[in-house]
Amino acid sequence: MINLAKTAGFCFGVDRAVNLVYELVEKGEKVCTLGPIIHNSQLVADLESKGVKIIDKVSDCPDGYTIVIRTHGVEKSIIDEAKCSNINYVDATCPFVSKIHRIVTEQPDDCVTLIAGDENHPEVKGIRSYCKGESYVFKNQEELEDILKNHNLGEKKSLICVSQTTFSLKEWKKCEKILKKLYTNCRIYSTICNATADRQEEAAALSKDADAVIVIGGRHSSNTCKLRDVCKVNADTFLIETSAELKTIDLSKYKVIGVTAGASTPAVIIKEVLKSMSEEIIEKEVETTSAKTEEVVETAETADKANMAAVKASADGEASFEEMLEESFREDENSKVVKGTVVNITPTEVFVDVEGRKQTGVIAFDDLSSEPITKPEDAVSIGDVLDLVIMKTDDSEGVLKLSKKLVDAFKGWEDIVAAKESDEVLEGTVISVVKGGVIVVTKGSRVFVPASLTGVPRNQELDVLKGATVRFRIIDINPARRRAVGSIKVVAIEERKAQQEALWATLEEGQKITGTVKSLTSYGAFVDIGGMDGMIHISELSWNRIKHPSEVVNVGDVVEVTIKALDAENKKISLGFKKIEDNPWEILKRDYPVGTDCKAKIVSIASFGAFANVIPGIDGLIHISQISWDRIKTPADVLNVGDEVDVRIIDIDFDKKRVSLSMKELIEKPEQTIEILSDSDETEE
């Protein structure tokens with residue numbers, strides 16, 4: 001049994017860089033790469049055959065060429081040299097590597113940077129070139145301990161730690177634990193690429209269930225070597241670059257063999273290895289994420305029963321559809337597959353002149369196309385020359401009943417088979433919902449997609465897909481019955497993951513971004529920010545106290561949020577929603593300075609005074625001495641909760657968030673009473 005890792009092959013960054021080079025070549029540009037674009041000799045050789053040159057330094061760039069900076073980046077001085085020399089260059093540095101460059105660049109000049117990785121690796125050299133202060137590189141726990149022992153880093157005001165994107169996840173966790181224990185002032189950035197971490201974790205799990213593991217990739221590739229190291233702890237592990245190296249390995253003694261590949265290994269090499277292994281290990285089956293499909297194929301056949309009946313028909317009932325087509329491709333004169341030119345189109349039929357036939361050819365609307373169409377003009381135009389199958393000859397009416405749909409289906413089947421071999425992503429339209437799944441039409445052929453592979457949640461009806469254009473892969477075919485099974489879900493997961501990896505590399509704390517409210521809970525709102533979900537805690541939704549997020553936002557709302565915190569390890573994003581300009585204390589500072597007269601509503605009463613709401617979110621205190629010029633025993637004697645009163649703001653303490661109010665300042669102060677003594681009183685004194 002051969003088990004293939006789901007994450008084997010190109011990662012996002014490598015795929016991006018390789019596609020970039022091929023696109024430049026296809027446009028006719030002259031291209032050279034600064035060192036091999038990736039650590040894979042076979043792909044590099046293919047690029048060289050297309051005219052792509054490899055240079056060691058910027059000054060080696062031939063006139064008229066564009067330099068492509070490789071995936072793991074280069075030193076800053078090299079970029080500066082290219083700019084100063086006015087040489088055209090395209091930066092294909094992986095976004096995850098570029099993010100590390102930004103992190104170290106933003107540090108103060110006296111910052112010390114610790115880098116987990118191989119100091120001779122181009123990526124690490126590039127990272128060090130962006131460091132402003134001292135930098136130290138360690139490749140394991142022991143080397144980190146030596147650095148900490150020989151350099152008094154505890155006295156440094158600024159200390160950070162980053163890692164090479166392909167560093168061992170297991171080793172990183174050990175080093176991270178040491179730093180957290182000894183240097184609490186050290187800011188640790190987990191910069192191991194998600195794809196690297198996922199591959200290492202999956203490789204570890206794969207090796208535990210296998211007797212041996214084949215790791216495919218370049219021997220100079222850091223991430224490939226890490227996969228080998230992870231796997232060899234649990235099983236016999238062999239690192240190969242091509243299928244030819246399998247001849248040196250005796251695989252017959254292993255029952256279960258796992259296969260994984262580095263992030264710079266092309267899919268074509270992986271498939272060559274799997275094919276060679278399958279030939280070498282007779283009757284051993286390559287297992288992917290596909291399930292048993294015979295039952296669902298039968299379901300698809302039932303749904304397509306009417307069409308199959310037509311396929312088996314021929315003009316005289318002498319030959320099957322497949323036989324007719326085979327004869328046609330041999331250019332047999334007696335073939336039942338003919339060519340016809342469209343001469344007239346009606347709402348329900350298409351009329352054609354059939355080569356070598358005197359009868360009129362008619363194509364019924366239902367026999368025009370497997371694709372959903374609303375009118376014949378969607379499929380054909382007058383003057384089109386079509387390959388057609390004769391479904392029936394009606395001599396009494398002098399017509400030939402023809403089908404274009406069946407020819408398209410036959411031709412499309414070859415594309416379906418090729419798509420299965422190349423793992424190509426196809427696009428088609430969901431035309432019907434059947435028992436256990438849906439039928440998708442692509443290239444004139446029908447593909448059955450089981451309900452579990454549609455991506456539609458179990459509690460939701462499959463009808464939501466009817467008429468939709470979907471992207472999918474062929475996961476199983478039955479050549480004898482010309483039946484195919486596809487998966488929409490696997491493509492959606494891959495595309496979402498790629499989208500998330502690309503998005504994650506661009507996110508930064510403090511960044512403003514637009515998203516759509518996806519769901520609400522009692523403690524906050526989840527927002528889709530373009531393939532990833534972030535959460536706005538209820539305390540970040542409003543400056544005022546609210547009981548539930550629905551008081552501020554609803555599902556489907558498009559909102560602008562601020563990234564408050566990023567947890568790369570757990571893939572969690574904390575978002576903020578409330579804006580500084582909506583802060584009631586900012587509004588108070590702007591619109592309600594000391595001395596402002598306004599109305600306020602009594603919200604509570606105490607023995608020492610009453611609290612009144614000035615603006616939403618801010619209550620002020622009317623001290624008992626500020627209620628009236630007259631002496632009162634208790635505020636409750638003159639005020640009630642809910643009363644609206646006129647007040648004057650007499651003091652604001654923004655630091656302590658306190659506002660003092662006065663009612664009596666708005667009441668005319670009574671004149672003081674002066675007692676006049678009588679003459680008799682004066683006499684007595």
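Me: If a disulfide is a pair of cysteine sulfur atoms within 2.5 Å, how many disulfides does a search of the whole structure find?
Reply: In this predicted model, the sulfur of C161 has its closest cysteine sulfur in C186, and the 5.6 Å between them is too far for a bond. A search of the whole structure accordingly gives a disulfide count of zero.

Me: Is C161 buried or exposed?
Reply: A residue counts as buried when its relative accessible area is under 20%. The relative accessibility of C161 is 0%, so C161 is buried.

Me: How many aromatic pairs does a search of the whole structure find, and what kind of pair do Y523 and F526 make?
Reply: The search of the whole structure finds four aromatic pairs. For Y523 and F526, the ring centres are 6.4 Å apart and the planes meet at 85 degrees, and because planes over 60 degrees apart count as edge-to-face, the pair of Y523 and F526 is edge-to-face.

Me: What are the relative accessible areas of Y523 and F526?
Reply: Both values fall between the limits of 20% and 50%, the range that counts as partly exposed. Y523 is partly exposed with a relative accessible area of 43%, and F526 is partly exposed with a relative accessible area of 24%.

Me: What kind of pair do the rings of W585 and F654 form, and how many residues apart are they?
Reply: The ring centres of W585 and F654 lie 6.2 Å apart with the planes at 75 degrees, so this pair is edge-to-face. It links distant parts of the chain, since W585 belongs to helix α16 (residues 584-591) while F654 is in the loop between β32 (644-653) and β33 (658-662), a separation of 69 residues.

Me: In what sense do β32 and β33 run, and what phi does K657 have in the turn?
Reply: The strands β32 and β33 run antiparallel and are joined by five bridges, and among the bridge partners are I649 and, in β33, L661. The two strands form a hairpin with four residues between them, and in the turn K657 has a positive phi of about 55 degrees.

Me: What is the strand order of the open sheet of four strands, and which are its edge strands?
Reply: This open sheet has parallel pairing and the order β3-β2-β4-β5. Each edge strand pairs on one side only, and these strands are β3 (53-55) and β5 (89-91).

Conventions: Residues numbered from 1 in each chain as written. Predicted model: local features only at pLDDT ≥ 70, side-chain atom pairs only at ≥ 80, totals over all residues. Heavy atoms only, no water. Disulfide = S-S within 2.5 Å. Buried < 20%, exposed > 50% of the residue type's maximum accessible area, 1.4 Å probe, protein only. Phe/Tyr/Trp six-rings, centres within 6.5 Å; stacked < 30°, edge-to-face > 60°. Pairing = 2+ DSSP bridges.
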